[in-house]
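Student: Before we go through this model, could you explain each term as it comes up and show me how a value is set against its definition?
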Amino acid sequence: MAELMSPDSRRCTYFFLYDESKVRGEGDPTREGICYFYPEETPVDKQELLCGQLAGVVQCVSELSSSPVCSLRLHRNTFAIRMRDNFFWALGCSVEVPTISICELLDQLINLFCFYNGSVRQSYQLNSRESLAARWAQYLSHLRSGSSELQHIFSCLRTIDSAKVDPLLLLKAALILQTCQRCPPVLAGCILFRGRVVSTQMSPKLTMKVMVHESETYTKAQRPNGPSTSSSFGSTVSSTAVFLTMSELQYLQSVPVDKDFSSHSTPHNDASPKKTRLSRTLSDMAFTVSDSFDPNSSWPPQKVSFSSCLSESDNLMFSPVPSQTTIATPHPPPQRLKPPSSNGKRSDEAEEESHYYSFHSEGGGDSWIHSEGDGSVFEENSHISGDGGDGDAACDRVFRFRGVESGNEESHDAHMVVRDRVGSEGAQGHKPEQEPPPHSGAFDGPEESTLIPMTLYLHRVKGLVLALLVEPHFLSDTASTEEVYYSSLASLNGLEAHLRAIFPGAPDSPDFYIFAHFDCIQSTLTTNLSGRPRGAPEHPFVRATSLLHLHFCNTETLQEAIIRSASSAVYGTRSVAQETYFQVHGGSLRNSGIPYYQDSAFSLPTKARHKLLKHGVHLF
Amino acid sequence: MKCLLIASESAEVLFHWTDPAFLQNIQEKYEVTQEEGQRLPAFEDSISTLFAPMIISCTTLVDRLGDSYTSFTTENNHIYVLHQFEECLYIAVNGDGEEGEDDLRRKIYVMKKMIEVLFGMVTLSSNLLRKELRPQDTQQRARLWKHLQSLLETYSQLRENDQSFLVEAVERLIHPALCEQCIEFLERRLVQHLNSSAERAGEEVLHAFVLVHTKLLVFYSTRSASKLTTSDLLTLIILAQNMYPSNIDTDDPVPEDIENTSSSGPESFYTPEPSPTNRDSSSSADKPLRGSTPVFEFMDPDIQMAEDSLQTLEVPPPGPLTPRRVFLEVSSKDGLYPMMPHSMYCLPLWPGITLVLLTKIPTTAVAMSVYKFLEAFSTLEKRLREGQEGSAATRGPPNIQDVRSKLDKFIKVLGPSEVQSAQLQNVWTEFKNRAFARGGSGFNKNLIPWCKNMKTQLCGIYRQCFLIDSGPADIPRCLSPGLQERAQTMAQEKLMDWKDFLLVKSKRNITMVSYLEDFPGLIHFIRVDRSTGQMIAPSLCTTERGPASELGKGPVAQFIKSKVWSLVSTTRHFLRKGYSTVTLRDGDFYFCYFLWFESETGYKLEAGDIPVLPDDSAPIGMLAWDYYWKLLRYYSKNQQGEMVKCYELLTVHLGVIPTDIILQHCRQLASKLWEPSRNPLL
């Protein structure tokens with residue numbers, strides 16, 4: 001697929017890791033402390049100059065302010081700085097890149113390293129500098145390349161273009177993940193296709209980390225990185241050791257998964273019945289979905305939030321599934337489509353009912369995710385942050401909403417429900433003003449020190465990869481590995497065939513406008529800009545978007561903005577869950593700059609509201 | 001927690017200003033390391049030691065990388081902004097969240113502007129400026145630094161509280177009839193009287209204006225005067241405000257201050273301002289209420305005139321009625337001359353009302369010559385640096401032979417009596433030997449140090465002529481005290497009946513009430529004419545004791561004020577990136593910002609491209625660096641010979657007002673701004 005590829009779109013100029021503990025005495029040469037320096041061809045004396053000066057000046061400022069420096073700017077470069085455990089990281093980009101995103105990038109980089117290698121200090125004790133340098137280089141190049149400028153602005157997940165994919169395939173992917181999750185050692189998983197997310201059960205940040213390994217195995221020849229699984233599955237399955245932070249793990253573990261159901265069913269089913277079961281499930285599901293949909297509301301194809309939306313929908317729509325399958329576990333989803341009054345639900349489900357009721361009253365397919373979800377999360381979030389803001393509290397709350405019976409839900413799903421419930425209230429009432437930042441970001445700050453070893457299991461079917469985070473003992477548990485492998489194999493093959501047939505899609509029909517819609521909760525981006533050559537007309541849009549995004553980040557109360565230069569006018573609007581940017585191009589924007597109510601720039605909000613409907617973006 | 005530091009490349013502190021919180025922060029660092037019983041090191045030493053690694057690292061990076069630090073941010077949100085002007089490194093720090101990076105950069109540029117106005121072309125020689133900013137004599141140094149510190153504080157006060165210093169344009173009092181009368185008074189009576197007097201000692205009044213607090217009642221320039229730039233005028237207002245601080249809260253002098261001053265006999269000078277430490281401790285406590293404004297100290301005007309620290313650099317505190325030497329831009333037929341010497345007379349009429357006279361001093365021609373020579377040597381140096389040699393480097397303009405003969409003449413006129421001119425002559429002779437003589441090296445890279453040396457010598461001459469009181473003391477060098485008193489009395493007589501009206505008017509120049517009927521939902525607006533550097537805005541009075549604006553007092557008014565302040569900084573950020581129209585829906589408010597160009601006849605011109613500037617470029621405004629003048633020049637390139645005017649409008653509306661109504665309001669406010677009495681406002 002054509003992509004806005006620019007190898008140095010981040011314009012990253014320097015990155016280095018400097019170990020200050022190696023340079024203590026007067027006579028210690030600075031080079032002793034340099035663990036990694038990018039670009040690697042930089043002359044050593046320049047490396048020493050930068051490391052020495054930056055580390056020194058940062059020390060000076062940190063002492064003056066009694067607080068570590070987090071960023072510094074030169075005339076030509078901006079550096080994000082991190083200091084931990086005597087290590088000193090600096091990531092330098094050109095000054096056009098907002099400082100905020102450089103800091104974010106550096107955190108990502110460090111977190112990536114910790115995810116695959118564990119603690120930095122320990123890694124440097126156990127491994128040679130050279131081998132770890134290769135790792136840094138790999139992570140850096142992964143973060144630097146392969147995404148469009150817009151994706152960099154929002155540091156969003158690269159997802160498949162859901163506009164071109166049959167929604168049923170997304171359902172299928174979500175179901176594969178759920179099936180795998182029933183195996184106890186499996187924590188969560190995601191499905192990736194050619195370096196893009198098809199469906200994920202993990203937080204955006206964790207998904208991003210998993211994708212590095214996937215892209216590595218995708219581009220290179222398969223190279224098992226850790227203890228490989230038994231050869232019985234051939235080279236399509238690999239695994240590698242990874243490290244989760246405490247909060248990441250708590251977040252994953254606290255998600256209610258119906259393990260009982262799974263372990264109960266496992267002994268009775270060998271691989272092949274499961275396979276058939278799964279495929280039958282999927283075909284059944286297809287009918288159900290089309291039946292249960294309001295015929296008037298087409299599934300908006302451009303929605304970004306497919307994964308969580310799907311897992312939600314899968315609860316909603318799969319009602320016949322359990323009853324038709326051999327496993328007759330009592331399963332709540334069937335009742336959910338029915339009016340709340342028609343079934344005897346327990347009283348603690350009342351809140352859910354109201355949610356589903358509002359879903360139906362909205363009647364707009366998945367639109368609720370955007371329309372209601374946005375002005376709303378904050379209310380819920382404020383509860384959560386009141387509880388301490390950690391994953392535990394968040395999930396406890398979620399759990400209370402869902403009730404015990406909603407066993408095999410994954411975390412996103414649960415979150416979406418919470419959001420939605422509040423959202424439906426918010427939509428009827430007024431929009432709350434204060435909006436704390438989405439909590440999902442708080443989970444893996446670079447400060448997390450305790451790292452828990454886990455295993456990343458990868459099952460590749462050509463371009464398609466099933467990546468699962470599993471407990472380390474999973475690999476030695478033959479029953480589990482086989483169960484996961486065989487239960488998903490056929491579905492993966494099928495999914496791969498379908499996705500392959502779609503890619504590469506037909507080029508977009510040219511619109512007379514550009515938009516970008518960012519879902520802050522799931523960290524996904526919808527835009528009609530991708531697939532086009534990175535031409536001149538788009539660039540002002542990207543520039544304006546970057547600028548507006550920065551202002552939205554800095555000013556909590558800012559909701560809408562229109563900015564106009566001599567050649568372009570861009571409209572930006574945001575709620576707590578989403579940011580949308582819109583520009584009409586072409587046409588004469590000639591104006592005197594003096595306020596004039598018939599000015600085309602001021603009709604942008606109305607135009608955006610109308611035009612973006614067909615992309616599944618609902619603006620108020 | 002604020003600090004501003006100027007350091008030389010060798011980490012020598014040339015100036016520092018800190019607020020009490022920062023001071024305490026520094027001292028705590030030393031208390032930890034000091035052993036029991038040991039005294040704390042002098043503050044200047046502590047600050048110098050703590051900042052030294054940063055300053056030295058800056059120098060190292062410039063030398064080896066050709067790049068340098070522009071800012072640091074720490075996790076607890078302390079911001080450090082650094083900027084190097086020639087060999088002086090300015091560092092501004094904020095640790096209390098009240099100032100952003102832009103504000104700090106602006107402060108640095110304003111500080112530099114004030115130093116330029118006070119020291120003129122001496123600032124062009126880092127070597128001389130270093131000596132000037134850090135006099136050997138510690139008492140002198142303390143006096144100078146205290147003066148600069150109080151100027152900086154006055155500026156910060158104004159920037160935080162005065163809308164005209166927020167947008168950096170001059171606000172006039174709207175009273176056309178009185179203004180007209182005053183112009184007539186200044187032209188026909190006052191200035192004529194002064195300029196025809198024999199007691200003026202060769203000085204000539206060029207500009208005269210009356211300030212009511214920070215607002216301009218009347219401004220008059222003689223025919224021979226060149227236009228006073230907005231940048232200079234704003235700086236002069238800061239100087240005047242610093243001399244006679246107007247207390248926003250009260251008009252009446254606080255009793256204890258009168259007691260303080262009553263003890264001072266005829267010999268005593270301006271009551272010394274509290275030391276920075278004491279002063280700051282009060283300012284931090286009363287910060288939100290502006291309580292830190294120095295209390296107005298009203299006393300005999302003659303005695304007040306004594307406060308002049310510039311002149312105290314070299315000589316003991318001068319007598320009363322000594323003018324302040326200021327260096328202002330002059331545009332004449334043959335070009336632009338920056339930093340030409342003037343004398344500034346600030347004559348207080350009543351508390352809050354000041355008459356300012358700017359005079360041309362008799363030796364202005366020397367300053368012009370020095371500037372031309374400096375320019376010639378800079379051009380030559382630049383060409384030699386670029387590798388041009390021989391005739392390529394000397395090809396005009398300026399013609400090097402021309403410069404040679406003029407400089408010969410100039411030195412002859414100066415006469416060798418002074419040490420400084422003798423030195424200049426020596427260096428010039430050496431330069432000529434190398435450049436022109438047959439045995440000399442001619443015009444090549446070897447001449448570069450000699451170009452520099454010549455520039456330093458010329459700056460030295462300039463310093464001697466305009467910064468140091470030289471010559472026999474009995475020859476009068478300024479308007480005589482009697483003449484100044486006469487001017488003061490004349491102005492007082494003229495404005496006596498208007499005094500109270502003016503003091504009230506200055507606080508409620510125009511009020512939102514008059515606009516509410518025509519513009520329902522409008523909360524506030526600021527309109528600026530950037531071509532003339534003037535602004536108009538309804539008063540925003542947020543202090544407890546001052547007169548209330550329509551917004552009332554206390555938190556609401558304070559909130560609106562903070563929104564207006566942040567809107568200005570946001571729109572500047574967008575303007576820097578090339579966006580001349582910005583609308584923002586922020587909370588319950590809807591903000592608009594428009595910048596547009598008109599021809600002189602009022603015809604709307606098409607919006608042009610606005611240059612995109614890096615984040616660390618000079619601040620957008622007119623005080624320290626005239627962004628709009630540059631913008632107008634840039635825009636006018638495409639307008640054949642037509643005079644272009646540039647306007648800005650900011651509005652704050654209630655968010656519930658429909659956008660098209662808001663835009664109609666903006667349109668009306670933009671097309672013509674009238675006072676309800678039909679007086680045009682701008």
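Predicted model: local features only at pLDDT ≥ 70, side-chain atom pairs only at ≥ 80, totals over all residues.

Student: Why are β12 of chain A and β6 of chain B called edge strands?
Tutor: An open sheet of eleven strands has the order β12(A)-β11(A)-β15(A)-β14(A)-β13(A)-β14(B)-β15(B)-β16(B)-β12(B)-β13(B)-β6(B), with mixed pairing. Its edge strands are β12 (524–527) of chain A and β6 (170–171) of chain B, since each pairs on one side only.

Student: What makes A:Arg73 and B:Asp615 a salt bridge?
Tutor: The term asks for a side-chain nitrogen of Lys or Arg within 4 Å of a carboxyl oxygen of Asp or Glu; the closest N and O atoms of A:Arg73 and B:Asp615 are 3.3 Å apart, and therefore this pair qualifies. Across the interface of chain A and chain B the rule finds three salt bridges.

Student: How large is the area buried between chain A and chain B?
Tutor: Buried area is the accessible area (1.4 Å probe) that two parts lose on being put together, summed over both, and here that area is about 5,300 Å², with carbon and sulfur atoms giving 59%. On the side of chain A, the residues that lose the most area to chain B are A:Leu64, A:Arg73 and A:Pro595, together 14% of what that side buries.

Student: How many residues of each chain take part in the contact?
Tutor: Counting heavy atoms within 4.5 Å as contact, 52 residues come from chain A and 64 residues from chain B.

Student: How should I read the numbering and the confidence limits?
Tutor: Residues are numbered from 1 along each chain as its sequence is written, while chains are lettered from A and ligands numbered from 1 in the order in which they are written. Local features need pLDDT of at least 70 and side-chain atom pairs count only at pLDDT 80 or more, whereas totals for chains, interfaces and linings use all residues, and side-chain values use heavy atoms, with hydrogens and water left out.

Terms used. Pairing = 2+ DSSP bridges. Helix = DSSP H or I, 4+ residues; strand = E, 2+ residues; numbered from the N terminus.
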